[in-house]
Amino acid sequence: MSDHTRYQDDVGAYLLGSLSELERQAFERHLRGCAECQEELARLRPAADALPASVEQFQPPARLKASLMELVEREAEAEQQAAARRRPRLRAARPAVRRRFLRPAYVAAGLLVALAIGVTVTQFGGDDTRTVAATVDNAMPRAGGSLRITGDNATLRLHDMPDLRGARVYQVWLQHGDRMVPARTFEVGRSGAGRVELPDVRDADGVYVTREPRGGAQVPSEDPIVSVPL
Amino acid sequence: MAHDIRDLADEEVMQLVQAGDPRAFELLYDRHGGAAFSLAYRMVGRQVPAEDVVQEAFLSIWRSRLRYDQTRGSVRTWVLGIVHNRGIDALRRSTVHDRRRETLDGVEERYEARERTDVEVARREEARSVRGALDTLPVEQRKTIELAYFGGYTHSQIAKLLDEPIGTVKGRMRLGLEKMRRELVGGMA
């Protein structure tokens, strides 16, 4: 009996969660090298994925959301505090990388962009909202975007960015004087479009994007590929 | 003009969740918590254990948020897959296999889920379509699929329960899913 013959009947049971833990592990090992089972799995998966839609729908009690959000907010705050504690040490440990952002040529380019802002800035509605065009690396000729700033917050929108698919993600950095503070990471998917909400940019001197390992970095590993000096 | 994250698509909300934004996570829960709770309740049959399953699942979603890969499916499918796995864990670690559904206790606290009208209409249509596809299955295929997916039973447990060979049980699962797939595809055509 071939390996495939032995496992082909497991596809349905696997999709329904009906294999034991050991059987599931064995099937997944087989699956990695079996194109036929992969194809069968992809074909039948929509049927299994549809099953939750068949059940009678209820609203969960409010206390469930309250207790869940209390835990999540506490964890998010702890993550932010841990990141803030790590930041100075990492910056001190890799000064050479940090300085790359401040190379004279780059600063000059930033100044040129800053000069252009007078033309590209568009005011919308009240005085509290403005949009600044982003400049992108020449290696991405079709890419572009803008930063829309409303009060303390901003939305960075980018289009036609390469889909990094895999280990790396895009990461946003906020420039505060000579410091680059890590902000959010994002992916663009096949559409090439990305949108990132950035809280608290009022005091930032610029918003930049680099490509970093999944999960983000504490110091930028390359010169920015998207720049929005403010 | 403030930007409202409630206007964002699930995949965009998920990017914010991946960046560690609790407000985006709350929105994710608001959108899918009802379906998650309903699935968990269908599986474990009691309100408090269903709440435990949902809480465990959403905490797991928050803690493993970087693992979401939109190329492998929708956010909703990913969320409900995690809820399903947690539901199975809960059923299998339960020593008391009393899986009768609650009849009275806690009924007062349950309400039908309400969503935006357009979403609600689409979801009701999807529910009708999936129930219709299940109804087309021969009774033994439907029973096998329900025992596996909602009951959390392994194929060997089902074989014992139904007094059928394991190969027959596995075959019913595969054939049943195949027939459902054809019905669903036909329904969308």
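Student: How many residues does the contact take from chain A, and how many from chain B?
Tutor: The contact takes 54 residues from chain A and 61 residues from chain B. Keep in mind that this is a predicted model.

Student: Which elements of chain A give two or more residues to the side that touches chain B?
Tutor: You'll find α2 (10-15), α4 (35-50), α5 (62-93), β7 (179-186) and β8 (194-198) of chain A there. The largest share comes from α5(A), with 11 residues. By class, that side of chain A divides into 25 nonpolar, 15 polar and 14 charged residues.

Student: What do the two chains look like in terms of helices and strands?
Tutor: Chain A has 7 helices and 10 strands. Chain B comes to 8 helices and 0 strands, so a walk from its N terminus reads α-α-α-α-α-α-α-α.

Student: How much of each chain counts as buried?
Tutor: In chain A, 32% of the 230 residues are buried. In chain B, buried residues make up 38% of the 189 residues.

Student: And what share of the contacts with a separation of 6 or more joins residues 24 or more positions apart?
Tutor: That share is 63% in chain B and 55% in chain A.

Student: Which residues meet where α6(B) and α7(B) pack?
Tutor: On the α6(B) side, T144(B), L147(B) and A148(B); on the α7(B) side, H155(B), I158(B) and L161(B). By class, the residues of this contact divide into 4 nonpolar, 2 polar and no charged.

Student: What makes α1(B) and α2(B) oblique rather than roughly antiparallel?
Tutor: Helix α1 (residues 10-18) and helix α2 (residues 22-44) of chain B pack at an angle of about 140°. Roughly antiparallel needs over 145 degrees, so the pair α1(B) and α2(B) goes down as oblique. Their axes are 8 Å apart, and the crossing of α1(B) past α2(B) is left-handed.

Student: Which residues of α1(B) and α2(B) meet?
Tutor: D10(B), V13(B), L16(B) and V17(B) in α1(B) meet A24(B), F25(B), L27(B), L28(B) and R31(B) in α2(B). Sorted by class, this contact has 7 nonpolar, no polar and 2 charged residues.

Student: How do you know whether V53(B) is buried or exposed?
Tutor: Count its C-beta neighbours: there are 26 inside 10 Å. A residue needs 20 or more to be buried, so V53(B) counts as buried. V53(B) sits in helix α3 (residues 47-63) of chain B.

Student: What does V53(B) touch, not counting residues up to four places away in sequence?
Tutor: V53(B) touches A40(B), V44(B), V83(B), R86(B), G87(B) and A90(B). For a distance, take H84(B): 31 residues apart along the chain, V53(B) and H84(B) have C-alpha atoms separated by 8.8 Å.

Student: Which residues touch the most other members of the largest nonpolar core?
Tutor: Of its 88 residues, those are V207(A), A36(B), A40(B), V54(B), V83(B) and A148(B). The largest share of this core, 12 residues, comes from α2(B). Leaving out residues up to four places away in sequence, A148(B) touches A13(A), L16(A), G17(A), S18(A), Y153(B), H155(B), I158(B) and M173(B).

Student: What about D163(B), buried or exposed?
Tutor: D163(B) has 6 C-beta neighbours inside 10 Å, and with exposed meaning 12 or fewer, D163(B) is exposed. The loop between α7 and α8 (166-188) of chain B holds D163(B). D163(B) has a positive phi of about 55°, although it is not a glycine.

How values were computed:
Residues are numbered from 1 along each chain as its sequence is written. Chains are lettered from A and ligands numbered from 1 in the order in which they are written. This is a predicted model: local features need pLDDT of at least 70, side-chain atom pairs count only at pLDDT 80 or more; totals for chains, interfaces and linings use all residues. Two residues are in contact if their C-beta atoms, placed from the backbone, lie within 7 Å. Helices (H or I, at least four residues) and strands (E, at least two) are DSSP runs, numbered from the N terminus. Ala, Val, Leu, Ile, Met, Phe, Trp, Tyr, Cys and Pro count as nonpolar, Asp, Glu, Lys and Arg as charged, and the others, Gly among them, as polar. Axes are lines fitted to C-alpha atoms, for helices over the stretch in contact, and angles run from 0 to 180 degrees between N-to-C directions. Angles under 35 degrees count as roughly parallel, over 145 as roughly antiparallel, 65 to 115 as roughly perpendicular and the rest as oblique. A crossing is left-handed if the near helix is turned anticlockwise from the far one by less than a right angle, and right-handed if clockwise. A nonpolar core is a set of buried Ala, Val, Leu, Ile, Met, Phe, Trp, Tyr and Cys residues joined through C-beta atoms within 7 Å.
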